[in-house]
Amino acid sequence: MTAARGGELKIELGRRYRFAAAHRLHSAQMSDAENARIYGKCNNAYGHGHNYVVEVSVSGDVDPATGMIANLADLDQFVQREVIEPFDHRSLNEEVDAFRAEVPTTENLCLEIYRRLKAFPKAKLERVRVEETSNNSFEYAGEEAISGSDVAR
Ligand code: NI
């Protein structure tokens, strides 16, 4: 997407990241039987893991001096600090504060990653897309725009 504005070009930059993490889908608001019925094998008490893929899109004006919206090294460093280090090879339920109270579904994971990346100072966060498996992905673009695709968990 490009749009001319005051002689500057607004372009969107997409970057892909990966991390592996374990989770267990279990809601404290439901009985054990309900949890088992709703989440099935994802409710297994010992958890299971996924190789998550995160796509981050940011936008901004192209800096005429550098020819870039933002330096990829800055984005990488930010995503590394805010998402990869705290999530990679972790138990989302046990080691990420947000998931002590919330069920670590990929919907909630996508929202949490968006919240963490919103503060990126060098460009505007447009959206976060998280792939849990090759069949499931969830996308969040802030406020009202939420969508997901679920072929088979
Ligand atoms: Ni899972």
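Analyst: Of the 153 residues of the protein chain, 23% count as buried. This is a predicted model: local features need pLDDT of at least 70, side-chain atom pairs count only at pLDDT 80 or more, and totals for chains, interfaces and linings use all residues. Residues are numbered from 1 along each chain as its sequence is written.

User: Why is Val54 called buried?

Analyst: A residue is buried if 20 or more other C-beta atoms lie within 10 Å of its own, exposed if 12 or fewer, and partly exposed in between, with C-beta atoms placed from the backbone. Val54 has 21 C-beta neighbours inside 10 Å, so Val54 counts as buried.

User: Which residues is Val54 in contact with, leaving aside its neighbours within four places in sequence?

Analyst: Two residues are in contact if their C-beta atoms, placed from the backbone, lie within 7 Å. On that basis Val54 is in contact with Tyr17, Val83, Ile113, Val128 and Val130, its neighbours within four places in sequence being left aside. Val54 and Arg16 are 38 residues apart in sequence, and their C-alpha atoms are 5.7 Å apart.

User: What makes a set of residues a nonpolar core?

Analyst: A nonpolar core is a set of buried Ala, Val, Leu, Ile, Met, Phe, Trp, Tyr and Cys residues joined through C-beta atoms within 7 Å. The largest one here has 23 residues, and Val54, Val58, Cys110, Ile113, Val128 and Val130 touch the most other members. Strand E3 (48–61), H2, helix H5 (106–117), strand E5 (124–131) and strand E6 (136–140) each give two or more residues to this core. H2 gives the most, with five residues.

User: How are the names of helices and strands assigned?

Analyst: Helices (H or I, at least four residues) and strands (E, at least two) are DSSP runs, numbered from the N terminus. The protein chain comes to five helices and seven strands.

User: How do you know that helix H2 bends, and where?

Analyst: The bend at a residue is the angle between axes fitted to the seven residues ending there and the seven starting there. For H2 (residues 72–87) that angle is about 45° at Gln80. Leu75, Phe78, Val79, Val83 and Phe87 are buried in H2.

User: What span is expected for H5, and what span does H5 reach?

Analyst: The expected span of a helix is 1.5 Å times one less than its number of residues. H5 has 12 residues and reaches 16 Å from its first C-alpha to its last, close to the 16 Å expected. The buried residues of H5 pack against E3, H2, helix H4 (98–101), E5 and E6.
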